[in-house]
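Opened the notebook to go through this one chain by chain.

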Amino acid sequence: MNIYGIMAIYKFEMARTRRTLVQSIVAPVITTSLYFIVFGAAIGSRIDQVDGISYGAFIVPGLIMLNLLTNSISNASFGIYFPKFVGTVYEMLSAPVSTLEVILGYVGAAASKAVILGIIILITAGFFIDLQIAHPVMMMVFILLTALSFSLFGFILGIWADNFEKLSVVPTLLVTPLVFLGGSFYSTDMLPEPWQTVSHFNPVLYLVSGLRWSFYEISEVSVMLSLASILIFMFSCLAVVYYLFKTGYKLRS
Amino acid sequence: MKSDENPILRITALNKFYSGGFQALKDINLQIERGEILALLGPNGAGKTTLISVVCGIVNPSSGSVSVDGFDIIKDFRKTRSIIGLVPQELTTDSFETVFNTVSFSRGLFGKPPSPSHIEKVLRSLSLWDKKDNMIMTLSGGMKRRVLIAKALSHEPTVLFLDEPTAGVDVSLRKDMWQIVRELKEEGVTIILTTHYIEEAEEIADRVGVINNGEIILIEEKDKLMEKLGKKQLILDLRDSLASVPDSMADYNLELSEDGMQLTYTFNTQRDRTGITALIDDLKLADIAFRDLNTTQSSLEDIFVNLVEESS
Ligand SMILES: Nc1ncnc2c1ncn2[C@@H]1O[C@H](COP(=O)(O)OP(=O)(O)OP(=O)(O)O)[C@@H](O)[C@H]1O
Ligand SMILES: [Mg+2]
């Protein structure tokens, strides 16, 4: 195992974030605060409690999920896409690092950043509402698994994309709508049929539901189902990544 | 060069087809001995970069085998890649990293524990030490190329590939590069470089290879090539036709043209005595008069151009 190689990639990726601190940390904090001011305080005061908890508190898990997903994907996809784009990927291809080590470096860094961001959002939320977390360990498990899986997904996206448009089209046209329609900011049983049923085909619903359960012990689907779906997604991504590297897809000609 | 039992690089029956079916390398066989400097010459698109990329692991070979220090580049990729350094043809660097960090990154990527003292040594030898904290994007093109060399040397490789190290580099930096290459050779590093400058090959290479259309069409020790290069011909246009070369001049190995109007004398400029003065004296004695004379010399450039044209 080339531990130094993994560390080099990991540190390089983390350093990239440090250089863009405003964009990667300050921006999400400000956005989150805006959500609380607009939805929590202004509109939320006119919305009844959802499933027995205040609207401001209800949206915390959804907000964390939104940030985890978009950040994991953009961090990991950009991390591997950029070296391809500028050509510096030659060095990684000529280095004694295996597929697994490259993934550990890039995905590890992307997931770490997403988790740090998730925690920052949690802390930000604490300034606006009275936070209660029923199952902190399960909360961390959900946050970690989500960050890891979507970093893997982002990594695949970054390898597949051969222009900037492809890189941004998936997050904006697929992931963001799924998050908004996945019960992040409302309970799906507030929806009329058939939308309630349709929502259950949205994979993000299972993630948000699981995370919300770890906070307030309320969920739309069973926790085990949430856990299973995130694991299935993670292993599917792993399989794809493994295949990509075995065949050298789009990296080695 | 004797064919060593254990060459540092052995390429056997290597073929490369790019997707789309284009064959960039055709049955390449090549051995490179430890510690030698091989210069690969060839026109644009000949396959030089492709050949290097296969050895370094950037391009997958279609068939054939490559071993470095006795290890297969695919089965034992960790072993082979950790002893190879590569300076790519294109100036591809990160922009926002500092010089020191990007070189340290390379060392780690190649599996070596951090060694600030080694990085310092490399940066000093490339006159980059005072730029160590500068962002790469603030450097000039020549400095960026040196950063790429520093990255390639960061993990103490024993085989170094330089893909057109002096393209777009000014005369003084070119001389610096040659000096760096010589010093590395002294440390025992094997160096394979590609170039379009024939004088560069003459200056530093032990062997010269010419590649065209994916085939190696010549590979020879530079000194032997230079010997060929050192040969000059003196051509004498005679005033009167000559039936045969007089016996008294047999020692000169003169060639007489068919019409008997031209004598050709081949001599070596590397020798102290070329024999030209004696030849002219002897011609006078034999009463052979000439109208005109000129000399011709085949340069490495000519050899190269002819070879490439013949094989195309
Ligand atoms: N990724 C690729 N896909 C398809 N064809 C390629 C690819 N890379 C190189 N080629 C083709 O292979 C041939 C050899 O290219 P290569 O880059 O090895 O040449 P070269 O000898 O290094 O040339 P130069 O002196 O211009 O650097 C060229 O015809 C080139 O178009
Ligand atoms: Mg080239």
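Predicted model: local features only at pLDDT ≥ 70, side-chain atom pairs only at ≥ 80, totals over all residues.

For the count, Lys and Arg are positive and Asp and Glu negative, with His and the chain ends not counted. Each charge is placed at NZ of Lys, CZ of Arg, CG of Asp or CD of Glu.

**Ground rules.** Residues are numbered from 1 along each chain as its sequence is written, chains are lettered from A and ligands numbered from 1 in the order in which they are written, and side-chain values use heavy atoms, with hydrogens and water left out.

**Charges, chain B.** Here I have 35 positive and 48 negative charges, with mean positions 8 Å apart.

**Chain A, overall.** What does the secondary structure of chain A consist of? I find ten helices and zero strands; helices are DSSP runs of H or I with at least four residues, strands are runs of E with at least two, and both are numbered from the N terminus. The radius of gyration of chain A is 19 Å, close to the 18 Å from the globule rule for 253 residues, so chain A is as compact as a globular protein of that length. That radius is taken over C-alpha atoms, and the rule is 2.2 Å times the number of residues to the power 0.38. Along the principal axes, the C-alpha trace of chain A spans about 60 × 35 × 35 Å.

Burial next: 54% of the 253 residues in chain A are buried. I use under 20% relative accessible area for buried, over 50% for exposed and partly exposed in between, with a 1.4 Å probe and protein chains only. For contacts in chain A with a separation of 6 or more, residues 24 or more positions apart account for 80%; a contact is heavy atoms within 4.5 Å. I took areas from the Shrake-Rupley method with a 1.4 Å probe, and for residues only the protein chains shown count as cover.

**Chain B, overall.** Chain B has ten helices and 14 strands. Its radius of gyration is 25 Å, well over the 20 Å that the globule rule gives for 312 residues, so chain B is more spread out than a compact globule. I looked up the domain assignment too: domain 1 of chain B is 9–227 and domain 2 is 231–297, bounds that come from an automatic or database assignment. The C-alpha centres of these two domains of chain B lie 47 Å apart. The C-alpha box of chain B is roughly 80 × 45 × 35 Å along the principal axes.

In chain B, 47% of the 312 residues count as buried. Of the contacts in chain B between residues at least 6 apart in sequence, 69% join residues at least 24 apart. Its accessible surface comes to about 15200 Å², with 47% belonging to carbon and sulfur atoms.

**Helix α3 of chain B.** I checked residues 99–109: eight of the eleven are buried, so this helix is largely enclosed by the rest of the structure. Among the buried ones are B:Val99, B:Phe105, B:Arg107 and B:Leu109. What covers the buried residues of α3(B)? The cover includes α1 (3–19) and α4 of chain A, together with α4 (116–125) and α5 (141–153) of chain B. After α3(B) comes B:Gly111, with a positive phi near 85°.

**Single residues.** A:Ser98 sits in the loop between α4 (89–93) and α5 (99–128) of chain A. It counts as buried at 17% relative accessibility, and A:Ser98 touches B:Phe77 and B:Arg78, leaving out residues up to four places away in sequence.

A:Val26, in helix α2 (residues 21–43) of chain A, is partly exposed at 38%. Its C-alpha is 9.8 Å from that of A:Leu117, 91 residues apart along the chain.

Two non-glycines with positive phi went into the log. B:Glu156 has about 55°, lies in the loop between α5 and β7 (159–163) of chain B and is partly exposed at 42%. B:Asn213 has about 50°, lies between β9 (207–212) and β10 (215–221) of chain B and is partly exposed at 38%.
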